[in-house]
Amino acid sequence: MDEKIPILKMGQFLLVTIQVDMHDRLAMTLQDDLTNRISQTNARGVLIDISALDMVDSFIGRILGNIAKMSKILDAETVVVGMQPAVAITLVELGLSLKGIRTALNVEKGMALLRRAIALTPEEMPDDRAEV
Amino acid sequence: MSLNGQSKISEILKKYRSELLAAWVSEQMTASIRKDSLKEIEMREESREFLELLVAALDRGNLTDIQTSEWRPVREMLSSISRDRSHKGFTPTETATFIFSLKQPLFTRLSSELADDSQSLIQEIWSVSTLLDKLGLLTTEIHQKVREEVIFRQQEELMELSTPVVKLWDGILALPIIGTLDSNRTQGVMESLLEKIVETGAEVTIIDITGVPTVDTLTAQHLLKTVTAARLMGADCIISGIRPQIAQTIVYLGVDLADVITKATLADAFALALKRIGASITRNQPRN
């Protein structure tokens, strides 16, 4: 109950790195926290890094899809980055194509995609290196 | 089949072994079209060995069932001969001729031996004929089995050849698929593509299906799965080289390819991929 997935704020973006095994309650907590943080911080984009995740089930897949939809309603774009091949195959076999979600290979590309998506001019770009 | 008859055959075989062998070999030589690939000495040796084993097996008195243990040496010998001939490219007929050409000399010998007793002659001929037929069929069966092994091995090799993932440009991968896509193969192809995407950090992948002869619902579904999986990992997929017939089939099958970018040729797909990653190729000199 105590464990939480940290949500980092980087300029206009929120960064979530999932480094533990996602179980159902943790996923629900994340969904809660993230939606709250988006409205608190007025974030324009959410980046979820799942490169450390080597197993997903249909529930987690659906939660990821839901988070993307909720963020969209709250005016934030979502990018899921770093999905492992095995995870991608599992999701496809489960019939979850996560249609609403943007995806990218790694955090760097995900950031670039987010910036493009919300059409920031270079001057407005947050200096993410300084914060990391 | 009287017991008496059985002993008669092996008796005749023993008594006239060398004559029978000579007649048999000459019979085989005339029947054989490939005198070049099978030398007479070799054939004589094989035939002699076979006759010996046959006599040994016949001495046990079992003429009806060749699957029993006393026939094992004969079966093993036949299978090695069949295997050998199959590898040399003989047809099943030519392989079975080895056995069937023994009939003529044996029957001639039997009829001269039993000229005065037509009843037992018929019986003898019947039992010998049945036996030789069984042995002949055995050679054909083994011949067939060897061929099947070859086919199976080739299938496996084909599977291993499978599909290479080619890097076309920094950030662009191509997957030229040749041959039919089945579930097994798609799984392997999908895995190697996804691994390669991680490895190279490619943003665009081109799946070229120019070499895919036919598409059915299953194949189309496999393709869609691969595209979706690549997209989940953050790489765009372009399908190229869809032939007119395949386009027709896909529409008639009701497969929805609306979410997938398709291009006519690999070149078109490559041009689009370059645009996607923000690169371009220019001609330095005007074309003549």
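Tutor: Before we dig in, a helix here is a DSSP run of H or I with at least four residues, numbered from the N terminus. And heads up, this is a predicted model.

Student: Okay, which residue with a positive phi follows α4(B)?

Tutor: Start with the helix itself: α4 of chain B covers residues 72-87. What follows α4(B) is a residue whose phi is positive, near 90°, and that's B:G89.

Student: How far does α4 of chain B reach from its first C-alpha to its last?

Tutor: Count the residues: α4 of chain B has 16. At 1.5 Å a residue you'd expect 22 Å, and the model's helix comes close to that. Its reach is 22 Å.

Student: Why do the buried residues of α4(B) sit on the same side?

Tutor: The buried ones are B:L78, B:I81, B:S82, B:R85 and B:S86. They share a side of α4(B) because the arc they cover around the axis is only 130°.

Student: Which element gives the largest share of the side of chain A that touches chain B?

Tutor: Across the two chains, 14 residues of chain A are in contact with 15 of chain B. On chain A's side, α3 (85-93) and β5 (102-104) each supply at least two residues. The largest share is five residues, and it comes from α3(A).

How values were computed. Residues numbered from 1 in each chain as written. Chains lettered and ligands numbered in written order. Predicted model: local features only at pLDDT ≥ 70, side-chain atom pairs only at ≥ 80, totals over all residues. Expected span 1.5 Å × (residues − 1). Buried ≥ 20, exposed ≤ 12 C-beta atoms within 10 Å, placed from the backbone. Arc of directions from axis to C-beta. Contact = placed C-beta atoms within 7 Å.
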